[in-house]
Amino acid sequence: FGLDAAGIDLSARAADLASRRYPGVLWLVANADRELPLADASVHLALSVTARRNPRECARVLIPGGRLIVALPAADDQAELRAAALGTASAEDRVERVIDEHAGLFVPRGRRTARERRLFTPAQLADLLLATYRGGRRGRRERATALEHLAVTLSHEIVVFEPAVP
């Protein structure tokens, strides 16, 4: 295709919304944790943002010298909302598990944390909760919509990988 960018999402609705916001990108509906609908060695940079990953598929589609960037929720991501909606805000550091998942195929070359704190309205809190796996139960949504305003930490760990040399 000779594209500058392609996006993949399991949700047809998410791909449709993304295509409207970023019309210059080819948006595909696919289960990227199973198989990437891309040619071998055709991608310079692959991004995985809060998604399940398939390291073997990422290694297959990356060109030699390409990079894989993985963004995953940090331990304190949405901690305030989790405490309000779930009653607890247990912290989990996922980075070492992700590095282990990619071992043998990728070598980590950098890690950063992106963090900001924002004030959300009740409607925004309901949307934020709904956009995560945390929002699936009615009781959780009701607790979130009962909140007035809430300052919520948005935090992601970002790991940069390069393919391992065979």
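Helices, taken as H or I runs of at least four residues, and strands, taken as E runs of at least two, are DSSP runs numbered from the N terminus. In this predicted model, threonine 50 falls in the loop between S3 and helix H2 (55–61), where its phi is near 45 degrees, a positive value in a residue other than glycine. Most residues other than glycine have a negative phi. Alanine 41, in the loop between strand S2 (26–29) and strand S3 (43–49), also has a positive phi, of about 45 degrees, although it is not a glycine. Alanine 41 is partly exposed at 42% relative accessibility, and threonine 50 is partly exposed at 46%.

Strand S3 contains leucine 47, which is exposed with a relative accessible area of 57%. Together with Leu45 and Val49, Leu47 makes a nonpolar surface patch of about 300 Å².

Turning to charged side chains, the model has twelve salt bridges. One of them joins arginine 60 and aspartate 40 at 2.6 Å, N to O, linking helix H2 with the loop between S2 and S3 across 20 residues. Arginine 60 also forms a salt bridge with glutamate 57, with the closest N and O atoms 2.8 Å apart; because these two lie three residues apart in helix H2, they are separated by about one helical turn. Glutamate 57 counts as buried because its relative accessibility is 11%, under the 20% limit.

Arginine 53 lies in the loop between S3 and H2 and glutamate 101 in helix H4 (residues 95–102), so the pair ties together parts 48 residues apart in sequence.

Notes
Residues are numbered from 1 along each chain as its sequence is written. This is a predicted model: local features need pLDDT of at least 70, side-chain atom pairs count only at pLDDT 80 or more; totals for chains, interfaces and linings use all residues. Side-chain values use heavy atoms; hydrogens and water are left out. Buried means under 20% relative accessible area, exposed over 50%, partly exposed in between (1.4 Å probe, protein chains only). Patches are made of residues with over 30% relative accessible area and no salt bridge: like charges are joined within 9 Å, nonpolar side chains (Val, Leu, Ile, Met, Phe, Trp, Tyr) within 5 Å. Accessible areas come from the Shrake-Rupley method with a 1.4 Å probe; for residues, only the protein chains shown count as cover. A salt bridge is a side-chain nitrogen of Lys or Arg within 4 Å of a carboxyl oxygen of Asp or Glu.
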